[in-house]
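Dear colleague,

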Amino acid sequence: MEAATMDMVVLAAAAPVIVYGVQSLDDSVVSSVRTYEPSESRSANEPLGRIFFLYSHPFARDSYIVEADGLHVRNVVTLEAAGVSQLSRGSSTKELLLWSDYTGRHVYRLNRDTWTLVDQEAVSSPLSFASMEGEWEIRSLNQDVNTHKLEVRKGGKLLFSKRFPPYILQVLRAEPHFYVFADAMEQEHGVLYVLDQRGSVVKEISLPTSFARSMAVFHGRLVIATKPRLTIVDPHSWRVAYWGMGQEETQFDQLYVKGDTLWVSYVQRGKSGWLALNDQFKVMKKHELPLVYWEARFYGDYVYALFEPQEGNKADYAGEMNIFHLRTGQLAAKFTVPKQKHNLQTFQVMDEIQ
């Protein structure tokens, strides 16, 4: 395939101009920012979008964010934030949400343009799920081995708080419901809780899988990325249907609704890829990769797939990023991700740069 024929590009600053900025505010978690200013203009063929890579260690007091613009490093940010392991979009397109799913006790919101702290909140327990969308904030606190507490806020005000058995993997707000997928660990299956706007359970659906990577509403139906098949729930009848590729080792990953198409990424034994489904769940396109990606994201007209270094821990880089055209599957860019003091945890793609 085309990806095998392209040269590897080392992700680096295009010019040796580096601006060092230090945040001196006592309430800021940003201790330093190294800003790279490429002297060359962007190529017209480079995919648009900023990529943020998060590096951390659960027992270290510092964490790092590398921001890349195309094939160039824009910033290397050092944070005084212990154990952050998750990075997602904040309520604004200019904000990053940082939190931990195992040791951290804070939720941070950073302005990713000025690298200043927007908000810092102490939490009583690590989070298993956190999202911000406009004025809505949803989080699940992993209180103990038996209980998770789901909190839903609107405009900063707590709408409801409700306890569930662990482990809450995904939460989706799709009016008039909140959909909560929980891993019923002792029973080795999953449960989909359907809540109303006040937090009352209106439906509880037992599912044969305890795995859920993402959820989306597509043509009026709830779709859950499960394994070895997609789980499809009709909210009018609460009937559950399944769609699969005929291989039991399939793990469906990310869901992306674009127009009348549902794009789905997947991982199988020794390979991975993504496909397009219409409203009848018929395959319209399928692109397969000869390797298993580590993590993938849909953004705009591209698929961002992060692969582990081929040399493992001996490699002098943290990972390999491949960016593919969504519809054609052709490789648009490929580069290595630089190492930092701690391990690379995850990445996020945000707004396009004009």
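**Sheet and pockets**

Val152 has Phe160, in β14, as its bridge partner. Strand β13 (residues 148-154) and β14 are antiparallel and share seven bridges; strands are DSSP runs of E, at least two residues long, numbered from the N terminus, and two of them pair if DSSP finds at least two bridges between them.

Please note that this is a predicted model, in which local features need pLDDT of at least 70 and side-chain atom pairs count only at pLDDT 80 or more, while totals for chains, interfaces and linings use all residues. Residues are numbered from 1 along each chain as its sequence is written, and side-chain values use heavy atoms, with hydrogens and water left out.

β13 and β14 belong to an open, antiparallel sheet of four strands, ordered β11-β12-β13-β14. Its edge strands, β11 (127-133) and β14 (157-164), each pair on one side only.

The largest pocket has a volume of about 1700 Å³. (A pocket is an open set of points, on a 1 Å grid over the protein atoms alone, where a 1.4 Å probe fits, with protein on both sides within 12 Å along at least five of seven lines; lining residues have an atom within 4 Å of a point. A volume is the space filled by probe spheres set on the points, which are joined across faces, edges and corners.) Of its 45 lining residues, Arg89, Phe129, Gln170, Ser214 and Gln254 are the closest to the centre. β15 contributes the most to this lining, with seven residues.

The second largest pocket holds about 290 Å³. Among its 14 lining residues, the closest to the centre are Pro309, Asn313, Ala318, Asn343 and Leu344.

Yours sincerely
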